[in-house]
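Hi everyone, thanks for coming.

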Amino acid sequence: MEKIPYQSPCAACYHVPVSRRRTVRGSIFLSVSILLVCVLIAFSLVVYDYVSGVARERFADTLTSLSRSLVTNLDAQVAEMNRLSLTLIYSQVFQGLYARHLALPRAPVSAEQRISKLENTEALIEICETILGPNRSAPQVNVFDLKGEMIGAGYYSRLIERNVTGEPWYPAVMRAAGERVIRPPHMDPLLEETSVIVKDKRYVSLLRTFQDALLSTQGIVEVKQYCDTLFSELDLMSGSSASIFVFDGRGNQLYPYDGPHADGRALLGLAHQAARRPIVTGLLPGTREPRIFAVATSRDTDWTLLIGEPSAGLAASVLQYALRIALLTLGAIVCSLAASYFIARRVTVPIKSLHAEIEALELGNLDKAAEGARKPDLGEIDELRLAFHGMRMKLNESIREAVALRAHEKEAQLVALQSQLNPHFLHNMLQTIGIMAEEGSPAAIQDLILNLVRVLRYASSTEGTTATLGTEVEYAESYLAAMRARFGGSLEYVIDIPGAMREIVVPRLILQPFIENCFKYGTSARPPWRIELRGGCADGQWLIEILDNGPGFDPGTLARISEKLAVRERAGSGLSPLSISGMGILNSYQRLRLAFGQGAVLEVANRPEGGARIAMGAGFNG
Amino acid sequence: MAERKLTFVVAEDEERMRDYLARKTAELDRNLECAGTAADGEEAVELVERYLPDLLITDIKMPVLDGLELVERIRRANPDLRILIVSGYSEFEYARRAIELGVDDYILKPIDVEKLREILLRIRIRLEATVGAVDAEFGLDRIGARETELAKSVEVYLQENYRRSYSLERLASSFGCKPAYLLRLYRKVTGRTPTQDLIRLRIEKAKRLLVGHPHIEIKQVAAAVGYEDPLYFSRLFKKETGFNPSAFKDSMSRL
């Protein structure tokens, strides 16, 4: 048993989506191309059909009208011969002369008789020649009597013995009883002998009987015409590719008169078909080349003219059209492919560049503006790009905000820890505890240690990033109480925060920098130092004031703070170096901004009565 | 020089610590006596000029004038003053500046009492070895008529100019001598320092104003006797007389 190489189904599964994956550009190109090519091909087929129909029709028209004109020409020729014969037999002179001819004995006995017969014959020949005219519209006219004599005029002008009853056409002519009978092309031995000019010629004769007044048949008149002359128009066509056949009513081939005799029955079959349809396609007997035939039948002569053009001619002209159309179609397809390529490109290039932008997106370059001068794309893609840009900016903004929030929280904690775990603070506190121990005041020590523990625990806690204002104030109170244990009567503080405000949720450790600030700058003046923490609400806003009675901010510091605040105001909630000479004021403000948005307020000023005033607040809804 | 106790001044802004330092120092070395305590640098300058102590114990971080600025201010006029810095800061920069200013020792908070005892002992030994050396240097061991005359004229000058803001440097230069010399000469001749006399003059004048013009505000009284800071004046007044200026005024008017 032959082993079939095993193909992992998983591998197949894996490959399918990959091979199926199509780019937008590819599918746009493909679908537009297919659509265009289909439309173009359908269009060209319709055009081809129409054009070839038209060509075919025109071809048939040409062929038909040609055959008609040829037949008309033949009719005219035959009519001319007919006219000659009729002119002769209805001529009085001829009738008189002919009656005399019949009256004269066939073999004259007397000299007088011989002379008169000779004269009469001469006169008959003359009248015949007169009727033929100077142009010799027919080369020969023969008059047969039924007694065995024939008078010829034209090239052969004399009287000879000729028993007309022996002629093959005699019965037919007699049956026709005065009507014309056309004798198909034939050679004439008499004329052959007479002149080299008419050697090897073929003739068509028009024969008819004529009667006397008593309607008894007197004789037969024959008008001969050269086949060359009769069919001269047809001969003119012999140079072309057309093949022409003429048959009489009995199926005799009249033309070509000296060519091969075609299979008349087959051709007549074609002719019968052609009688019902304008043109017919068929094979010439003995050939393989298909031809298109047109047929015209003369009513006068009962002749049928069959003209056949090789259908290759039609095919060639149609082919020429088809070639032109094909070329046109090909050109159009190429153009449309190019167009669809450019359409696909136009659509996909911006998509690609968008893709590249998305690919290149990193945390670091979120805020990088998209490459500036980009030529305007398609509307939708522009919108997409704008939307993407907006999203990018928003993302950047929110990441920055989140990072800033985290950083500020961390920093606030760091600032608080730094100030509370800094050796100076701790050393002073421990020193104070030591002194208290020596003084023997354990209650004060307990209080101080409790306050210190609260302060340190709050500052070092990592639980949550927000707190109620109440908690913050308690923390500040513990801190102030601890400080008071150190400074004693030199330090006074007032805390006045309405109970309603204590529930407001604020960023944790937001008050710390302000209290810290009081000690840093406020205590450089002579004691007593007074620190006030006051809160109030108005117009949907809450506000906390931190006041001290120290020397206030020096003008330089105040200006620097205002400047930084203004910068921050413009820059929004960015992350930037925070501390002004170690102050955490800006940090608090930024966190306030991040938490409360535009409603956040920070005022830093000196009080008119001396000391610094820092106020911060925000809207209640924040 | 066993005839007089060695004196020291404490400068420290934390009340509890200030008292502790004064108490502990006196306790650790019975030969040391606290001449006064100051809550800030400026008070300390005044105390030093007033009592010419042998030792200054000072904190670094203080309102108005910090410890190092204080040392800088008084160093020229008191080359023989021993200085001990007590600080919570152990930064090198502070230590460097302290050494530059000729500080004798530097002790960190919280205070190790044994260490403080050692340092005080070392300082006292040094003090006893050098006591009177400055007097000898300025030739003050023998006072002549000329020196007495100079001290007297300074005394008169102070009596006439107590209202004006006082500076030892300015006083010395207006008499054409070094502050350290003037300070010691004055004390040698009168037994007091110019600052002591000045404060006494000012307080006396203030008392008279308070009694004689009860409608005058304390602030105006302070300004009239040469103190721009009425709070400081009040504290000083209380220290000198045992009464707040307002309390003094009330008690006097009731009489």
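This is a predicted model: local features need pLDDT of at least 70, side-chain atom pairs count only at pLDDT 80 or more; totals for chains, interfaces and linings use all residues.

Residues are numbered from 1 along each chain as its sequence is written, while chains are lettered from A and ligands numbered from 1 in the order in which they are written.

Okay, chain A. You'll find 17 helices and 18 strands in it; helices (H or I, at least four residues) and strands (E, at least two) are DSSP runs, numbered from the N terminus. Of its 622 residues, 32% are buried, and buried here says that 20 or more other C-beta atoms lie within 10 Å of the residue's own, with 12 or fewer counting as exposed, anything in between as partly exposed, and C-beta atoms placed from the backbone.

Let's zoom in on strand E10(A), residues 290-297. Is it enclosed or open? Well, 6 of its 8 residues are buried, so E10(A) is largely enclosed by the rest of the structure. It runs antiparallel to strand E11(A), residues 304-310, with 7 bridges joining the two; strands pair if DSSP finds at least two bridges between them. One bridge links A:Arg291 with A:Pro310 in E11(A). The hairpin has 6 residues between the strands, and there A:Asp302 takes a positive phi near 65°.

Next up is helix H10(A), residues 311-359. At 1.5 Å a residue its 49 residues should span 72 Å, and the end C-alpha atoms are 67 Å apart, which agrees; the expected span is 1.5 Å times one less than the number of residues. H10(A) does bend, by about 30° at A:Thr348, and a proline, A:Pro350, follows within four residues. That bend is the angle between axes fitted to the seven residues ending there and the seven starting there. Buried residues in H10(A) include A:Leu314 and A:Pro350.

Chain A also has an open sheet of 5 strands with mixed pairing, in the order E13-E15-E16-E18-E17. At its edges are E13(A), 491-496, and E17(A), 601-606, each pairing on one side only. Inside the sheet, E15(A) and E16(A) run antiparallel with 8 bridges, and A:Glu532 has A:Leu547 in E16(A) as its bridge partner.

Now over to chain B, with its 13 helices and 5 strands. Buried residues make up 38% of its 255 residues. Here 5 strands form an open sheet, in parallel pairing, ordered E2-E1-E3-E4-E5. E2(B), 32-38, and E5(B), 105-108, stand at the edges with a single partner strand each, so one side of each is left without a neighbour in the sheet. E5(B) pairs with E4(B), residues 82-87, in the parallel sense over 4 bridges, and B:Val86 stands opposite B:Ile107 in E5(B).

Last bit: where do the chains meet? The contact takes 19 residues from chain B and 19 residues from chain A, where two residues are in contact if their C-beta atoms, placed from the backbone, lie within 7 Å. On the chain B side, H1(B) gives the most, with 4 residues.
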